[in-house]
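Visitor: I am new to reading protein models, and I would like to learn how to do it step by step. Could you walk me through one?

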Amino acid sequence: MNENPNDALLLYASESHACPYLPDLDAVTAFVDPHLEMSTELYAMLLDLGFRRSGGQVYRPHCKSCHQCMSVRIPVADFRANRNQR
């Protein structure tokens, strides 16, 4: 794959479906083209943008009016639990 920053990344959107994270809400999922050759650099960039992976699928929630399930990356080596988290 040519990783020119001007190249477009092809994404597909799912139909609306029951949200897997929050009850009684609908969700839409954005998927990266499954035929795309994924380099380590591209995969790292997608993770930084909140994408997740399950098997060969790289995806992320893509709901217009809700952002409650966006992923958060925690640098584990630097994390120190406070009293409430223990």
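Visitor: Is D24 buried or exposed?

Guide: We read that from relative accessible area: buried means under 20%, exposed means over 50%, and partly exposed is in between, using a 1.4 Å probe and protein chains only. D24 has a relative accessibility of 81%, so D24 counts as exposed. Before we go on, please note that this is a predicted model, in which local features need pLDDT of at least 70, side-chain atom pairs count only at pLDDT 80 or more, and totals for chains, interfaces and linings use all residues. Residues are numbered from 1 along each chain as its sequence is written, and side-chain values use heavy atoms, with hydrogens and water left out.

Visitor: Where is D24 found?

Guide: D24 sits in the loop between β2 (17–18) and β3 (26–27). A strand here is a DSSP run of E with at least two residues, a helix is a run of H or I with at least four, and both are numbered from the N terminus.

Visitor: What can I learn from the backbone angle phi at D24?

Guide: Start with the general idea: most residues other than glycine have a negative phi. D24 is not a glycine, yet its phi is positive, about 65°.

Visitor: How do I read the pairing of strands, and which strand does β1 join?

Guide: Two strands pair if DSSP finds at least two bridges between them. Here β1 is joined to β4 by three bridges, and the two run antiparallel. Within this pairing, L11 has V32 in β4 as its bridge partner.

Visitor: Which strand pairs with β4 (residues 29–32) over three bridges in the antiparallel sense?

Guide: That is β6, residues 57–61. You can follow the pairing residue by residue: T29 stands opposite P61, and A30 has R60 as its bridge partner.

Visitor: What do β5 and β6 form?

Guide: They form a hairpin, with two residues between the strands. Strand β5 covers residues 52–54 and runs antiparallel to β6, with three bridges joining them. R53, for example, stands opposite V58. In the turn, G55 has a positive phi of about 60°.

Visitor: How do I read a contact, and which residues does L11 touch beyond those up to four places away in sequence?

Guide: Contact means heavy atoms within 4.5 Å. L11 touches F31, V32 and F51. L11 belongs to strand β1 and is partly exposed, at 41% relative accessibility. Its C-alpha atom is 14 Å from that of C63, a residue 52 positions away in sequence.

Visitor: Where does L10 lie?

Guide: L10 is in the segment before β1 (11–13). Leaving aside neighbours within four places in sequence, L10 is in contact with F31, V32 and D33. The C-alpha atoms of L10 and V32 are 6.3 Å apart, although 22 residues separate the two along the chain. L10 is partly exposed, with a relative accessible area of 45%.

Visitor: What does S71 touch, not counting residues up to four places away in sequence?

Guide: S71 touches G50 and R52. You will find S71 in the segment after β6, partly exposed at 35% relative accessible area.

Visitor: How many of the 86 residues count as buried, as a percentage?

Guide: The buried share is 21%. The chain exposes about 7,000 Å², of which carbon and sulfur atoms supply 53%. This area comes from the Shrake-Rupley method with a 1.4 Å probe.
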